[in-house]
Amino acid sequence: MRKKRGFTLIEVLFAIFLVVICAFIVAATMPISNASQSKASDLDKAMGLAQKQLEAIRGQGFPNVNPTQLATVGLIDSTNQISTNTYSFTNSDNANFDNPGTVLAQGAGSVKIEQLNLNLIRVTVTVSWLDLNVWRKTGQLKNFAVGTLIANL
């Protein structure tokens with residue numbers, strides 16, 4: 001009786017087949033994971049820009065949260081409204097790398113100032129960008145908004 005040593009050709013081919021199938025499965029998930037990572041990165045950038053802008057506005061204090069003062073310190077572009085009580089901004093605290101247009105694809109920022117009553121203002125900062133779809137070569141407009149109330153105490 002001979003002792004069997006090693007593997008047969010069929011066993012080796014089956015093992016190679018299993019390895020190739022696993023490699024295809026891993027390779028198929030790579031584009032999806034890259035797209036998900038890109039979307040998460042864009043959302044993280046938008047969130048950071050919006051929060052930084054909102055904190056800079058809050059730091060001005062209640063008496064200075066008006067279009068004239070915010071335009072003077074560079075937190076909004078001008079006192080010209082882009083819609084009701086809404087003003088555009090391109091730079092958070094005038095830093096070059098905190099511009100929605102350069103950080104995000106077709107990025108834009110806006111600040112909405114609403115006087116709720118004599119001693120209360122609502123400020124909403126919105127950052128929007130174009131989320132590109134890799135497969136269809138199209139984009140979808142995405143927004144991230146954060147808001148706060150500023151009181152005159």
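1. Strands, as named here, are DSSP runs of at least two residues assigned E, numbered from the N terminus. In this predicted model, T86 belongs to strand β1, which covers residues 86-89. T86 is buried, its relative accessible area being 9%. Leaving aside residues up to four places away in sequence, T86 is in contact with N80, Q81, S110, V111 and K112.

2. On confidence, the chain has a mean pLDDT of 86, and 90% of its residues reach 70 or more. Strand β2 (residues 108-117) has the highest confidence, at 93, while helix α3 (residues 100-103) has the lowest, at a mean of 83.

3. The largest nonpolar core has 24 residues, and those touching the most other members are I57, V65, V111, I113, V123, V125 and V127. At least two residues of this core come from each of α1, β1, β2, β3 (120-133) and β4 (138-151). Helix α1 gives the largest share of this core, six residues. In soluble globular proteins, nonpolar side chains tend to be buried together.

4. Residues up to four places away in sequence not being counted, V125 touches A50, Q53, L54, I57, F89, S110, V111, F144, A145 and V146.

5. A nonpolar patch also lies on the surface, with about 1200 Å² of accessible area together. The patch is formed by F7, L9, V12, L13, F14, I16, F17, L18, V20, I21, F24 and I25. Of these residues, F14 lies in helix α1, which spans residues 9-58.

6. The count of salt bridges comes to three. One of them joins D131 and K39, whose closest N and O atoms are 3.9 Å apart. Because D131 lies in strand β3 and K39 in helix α1, this pair ties together parts that are 92 residues apart in sequence. D131 is buried, at 9% relative accessible area, whereas K39 is partly exposed, at 45%.

7. Another salt bridge is formed by the side chains of R58 and E55, with an N to O distance of 3.7 Å. These two residues are three residues apart in helix α1, so R58 and E55 are separated by about one helical turn. R58 is partly exposed, with a relative accessible area of 42%, and E55 is partly exposed at 46%.

8. The side chains of E114 and R122 also meet in a salt bridge, at 3.3 Å from N to O. E114 has a relative accessible area of 19% and is therefore buried, the limit being under 20%. R122, at 34%, is partly exposed.

Key:
Residues numbered from 1 in each chain as written. Predicted model: local features only at pLDDT ≥ 70, side-chain atom pairs only at ≥ 80, totals over all residues. Heavy atoms only, no water. Helix = DSSP H or I, 4+ residues; strand = E, 2+ residues; numbered from the N terminus. Buried < 20%, exposed > 50% of the residue type's maximum accessible area, 1.4 Å probe, protein only. Contact = heavy atoms within 4.5 Å. pLDDT = per-residue confidence, 0-100. Patch = residues over 30% accessible without salt bridge, like charges linked within 9 Å, V, L, I, M, F, W, Y side chains within 5 Å. Areas by Shrake-Rupley, 256 points an atom, 1.4 Å probe, with all protein chains shown as cover. Salt bridge = Lys/Arg side-chain N within 4 Å of Asp/Glu carboxyl O. Core = buried A, V, L, I, M, F, W, Y, C linked by side-chain atoms within 4.5 Å.
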